[in-house]
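These are my notebook entries on one structure. I set down what I looked up, in the order in which I looked.

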Amino acid sequence: MKPIINVKDLYTSFEENQVHQGLNLHINKGEIYGLLGPSGCGKSTLMREMVMLEQYDSGSIDILEYNLARINAKEALALRKEWGVLFQSGALYSSLNVFQNISVVLEEYTNLSPMLIAEIVAYKINIVGLKQEDALLYPSQLSGGMKKKAALARALVMDPKLLFLDEPTSGLDPISARDFDQLILSLRDMLGLSIVMVSHDLRSIYDTLDRMAIIDNKKIVAQGSLSQVKESSSPFIETFFKGENE
C-alpha cells in the first residue's frame with residue numbers, strides 16, 4: 001500500500017541555522033504517527049511544512065499523491081480541504097462562539113445552506129464530546145479540555161482524511177489528557193482518519209501511537225513502533241524513556 005505521506009531527504013534551514021538534515025519517513029493510511037524529539041529539534045517545523053505553513057530547502061514531501069514542491073494554487077486549495085489541523089493552543093477565534101468557530105470553515109469553503117451547516121456543526125460538536133448548549137459559549141468561557149474539543153470539531157468539520165495534532169494534550173490535567181487520548185483513538189476508528197501528532201506526553205505516546213519517528217540532532221535517529229524505537233540508542237531516547245513502563 002502506498003504511504004499517505006512520504007518525506008524523502010528533507011533539508012530545512014532558517015538562515016544559517018540548519019533544522020533538518022536529510023529526513024526520511026513515511027506514514028501509512030489509518031495509523032497514528034508520532035513526531036517526537038527534544039525541544040527545538042524541528043518536529044513542529046516538519047508538521048508545519050506538511051501543512052504548507054513553512055518552506056523547506058530541498059528534498060520532497062508527498063501527501064495524498066501531491067508533491068508539495070510542485071503543487072499549484074488550485075491543487076493546494078483542494079489538498080488543504082483533505083486535512084484538519086489542531087494547533088497546540090487551539091487557535092479559536094476569541095470573538096466567535098463555538099458554533100461560529102466551527103461553522104466559519106463551511107461558510108468559507110462550501111455553498112451549503114445554513115440549515116445543513118447547522119446540522120453538520122451539531123454532529124461535530126457531538127462526536128468530540130461537547131454538549132449542544134456549549135455551541136453558544138465563547139472561548140473565554142471554556143475549560144482547557146473544552147477548547148481542545150471545540151478546536152478538534154473545527155478541524156474535523158470538512159470530513160478530512162488527515163488530521164494533524166500539535167501537542168494535543170498540552171495544558172490539560174491528567175484526567176482530561178487521557179480522555180482526549182481516548183477521543184482521538186475512537187475518532188480514528190469511527191472516521192477512518194490518518195493522524196500525525198507531535199507530543200511530549202509519555203502516556204499519550206504509549207496509549208495512542210502506532211509508529212513514530214525520533215528527530216534528534218537534525219536527523220531521524222529511530223523510526224518504527226514503540227518497542228522498535230526503545231531498542232535504538234540515542235541520548236534522547238535513553239533519557240526520555242528511562243524508567244518508564246508500558
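Is aspartate 159 buried or exposed? I found aspartate 159 exposed, because its relative accessibility is 56%. I took buried to mean under 20% relative accessible area, exposed over 50%, and partly exposed in between, with a 1.4 Å probe and protein chains only.

Basis of the entries. The model is predicted, with pLDDT of at least 70 needed for local features and 80 or more for side-chain atom pairs, while totals for chains, interfaces and linings use all residues. Residues are numbered from 1 along each chain as its sequence is written, and side-chain values use heavy atoms, with hydrogens and water left out.

Entry: positive phi. Aspartate 159 lies in the loop between H5 and S7. I named helices (H or I, at least four residues) and strands (E, at least two) as DSSP runs, numbered from the N terminus. The phi of aspartate 159 is near 55°, a positive value in a residue other than glycine. Most residues other than glycine have a negative phi. I noted asparagine 217 as well, with a positive phi near 55°. Asparagine 217 sits in the loop between S9 and S10 and is exposed, at a relative accessible area of 62%.

Entry: the four-stranded sheet. I read an open sheet of four strands in the order S2-S1-S4-S5, with antiparallel pairing. Two strands count as paired if DSSP finds at least two bridges between them. The edges are strand S2 (17-27) and strand S5 (66-67), each of which pairs on one side only. Strand S1 (residues 5-14) is joined to strand S4 (residues 58-63) by five bridges in the antiparallel sense. Within this pairing, lysine 8 has serine 60 in S4 as its bridge partner.

I then looked at serine 60 itself. Serine 60 is buried, because its relative accessible area is 15%.

Entry: the six-stranded sheet. I followed a second open sheet, of six strands in the order S6-S7-S8-S3-S9-S10, with mixed pairing. S6 and strand S10 (219-224) form its edges, each pairing on one side only. Neighbouring strands of this sheet are turned by 15° against each other on average, direction ignored. For such angles, axes are lines fitted to C-alpha atoms, for helices over the stretch in contact, and angles run from 0 to 180 degrees between N-to-C directions.

S6 and strand S7 (residues 162-166) run parallel and are joined by four bridges. Leucine 86 stands opposite leucine 165 in S7. H5 packs on the sheet, touching S6 and S7, and its direction makes about 165° with that of S6. Helix H1 (residues 43-50) lies across strand S3 (32-36), S6, S7, strand S8 (194-198) and strand S9 (211-216), at about 145° to S8.

Entry: strand S9. How many residues of S9 are buried? Six of the six are buried, so S9 is largely enclosed by the rest of the structure. Arg211, Ala213 and Ile215 point one way from S9, whereas Met212, Ile214 and Asp216 point the other way. S9 pairs with S3 in the parallel sense over four bridges, and tyrosine 33 stands opposite arginine 211. S9 and S10 run antiparallel over five bridges, with isoleucine 215 opposite isoleucine 220. These two strands form a hairpin with two residues between them, and asparagine 217 is in the turn.

Entry: lysine 149. I located lysine 149 in helix H5. Lysine 149 is buried, with a relative accessible area of 15%. Leaving aside neighbours within four places in sequence, its contacts are Val128, Gly129, Leu130, Asp179, Phe180 and Leu183.

Entry: the largest pocket. I recorded about 640 Å³ of space in the largest pocket. On a 1 Å grid over the protein atoms alone, a pocket is an open set of points where a 1.4 Å probe fits, with protein on both sides within 12 Å along at least five of seven lines, and lining residues have an atom within 4 Å of a point. The volume is the space filled by probe spheres set on the points. Of the 19 lining residues, the closest to the centre are Trp83, Val85, Phe87, Val105 and Tyr109. Which helix gives the most to the lining? H3 does, with four residues. The lining has 14 nonpolar, one polar and four charged residues; Ala, Val, Leu, Ile, Met, Phe, Trp, Tyr, Cys and Pro count as nonpolar, Asp, Glu, Lys and Arg as charged, and the others, Gly among them, as polar.

Terms used. Contact = heavy atoms within 4.5 Å.
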